[in-house]
Amino acid sequence: MKNKSLISINDYTKEDYFKILDLADDFQKNPNQKLLENHIVASLFFEPSTRTRLSFETAVQRLGGKVIGFSEASNTSVSKGESLKDTILTVNKYADLIVMRHPIEGSARFASEVSDVPIINAGDGSNQHPTQCLLDLYSIRKTQGTLENLNLFLVGDLKYGRTVHSLMTAMSEFNPVFNFVSPPSLRMPQEYKDYLDEKGIKYHEYDDLNDNINNADIIYVTRVQRERFSDPMEYEKVKNAYILKNDMLDNTKPTMRIMHPLPRVNEIDTDVDANPKAYYFEQAENGVYTRMAIMALILGLK
Amino acid sequence: MKNELTVKAIKKGTVIDHIQAKNLFKIISIIGIEKIDTEVFIGNNLESKKHGKKAIIKIENRFPSMDDINKIAIIDPHAVINTIDEYKVIEKKHVKIPDTINTFVKCINPKCITNHEKVSTKFKIQNKDGKIGLKCNYCEKITGQDNIEIIR
Ligand SMILES: [Zn+2]
């Protein structure tokens, strides 16, 4: 992994996942290890994403490193029309590692081709967001003790949600059963279902949340965005069908955990937050340890 | 034989045959026929036993590069490339779909970096039951065979 950019979850093998998760575990037990002293990490957010940026910057600081960068593209040379290539060729002279988020798809892969230092993709449009996927794997393994043979529910926007697509692809290495719960217009795309068929992985599709969640190990909820519907009436019809409420959890497994990539709007009722099965804030915390592990491995410090 | 009458025979050069009629103009475009200064004969909507209406291109004294052959394969995997000498076919090549192609096809995704910055395209070819898809090296979206647009 040393000196290798992380652009897409498909860049890493199952063995790489375990290396990262094991090291993240180690950082969770002992978070203040000053491995990045004397290192500078550039955090280039060409579009704002407060949560992801804070998570990365916390990870750098916990490791004793320094951060340079910007949190949005306005007021930078980018807004004056500088190309991505020039920005990367400049910043890679300043920093040892570049974390970047960019609205254009494929921008991180391109940056990794021109950069002298490794790039970590913190989201390129609707394409990839691999550190989110790795922190999800970490959270699943931490709560279930394993990644193997789990019964996973993916709920919400399964058509456009890059998070669920990456998670589905990564978890396919571990013999899961998938349950897809979404409005009919936002179902898991056929190409992903073909992929599961090829791998011989079982999946079920549902139009709504009901008793079928009682055998879930993980319920992964994502936001159903209004912008995804061309017909506002259609959105109004479906928006309440995917809200997870506390009383729906009574008969679920005691070990079941609810995950969400955040930010949440209303798809998980706030009365769920106090339930020990709610795991989304711990999941966000896990993002820091996972990103510490990824950066330490890429910089060859572990 | 009927085709020999419809489109004039050449003495020496290349005959690209069994092109599906709908692909003719794409192939003309990718191999840059307008830049060729030897004799070129083009026939379209000819009867074919194999694929409905076919097209044929005959080029005097020019032999396509491997790169050109790869390009033709992406557009029309059924095309056959004949090398002609003294009015006879001396070699018959069925085009083979390459694993990757660079630079000449546009990515279909308007939000792809290759459509925003000066980045030459790269694709991995996927071949599912004869249906070709081009997976972009950058945005990872798939450009289907029917959506292939040539960058000139
Ligand atoms: Zn692309």
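Guide: Domain 1 of chain A and domain 2 of chain A bury about 2200 Å² between them, with 61% of that on carbon and sulfur atoms; buried area is the accessible area (1.4 Å probe) that two parts lose on being put together, summed over both. Ile9(A), Leu21(A) and Arg51(A) supply 27% of the area that domain 1 of chain A buries against domain 2 of chain A, more than any other three residues.

This is a predicted model, in which local features need pLDDT of at least 70, side-chain atom pairs count only at pLDDT 80 or more, and totals for chains, interfaces and linings use all residues. Residues are numbered from 1 along each chain as its sequence is written, chains are lettered from A in the order in which they are written, and side-chain values use heavy atoms, with hydrogens and water left out.

The domain assignment, automatic or from a database, gives 9-128 + 287-298 as domain 1 and 130-284 as domain 2 of chain A. Their C-alpha centres lie 26 Å apart. In contact (heavy atoms within 4.5 Å) are 28 residues of domain 1 of chain A and 23 residues of domain 2 of chain A.

Two salt bridges are found across this interface, a salt bridge being a side-chain nitrogen of Lys or Arg within 4 Å of a carboxyl oxygen of Asp or Glu. Arg141(A) forms a salt bridge with Asp22(A), where the closest N and O atoms are 2.8 Å apart.
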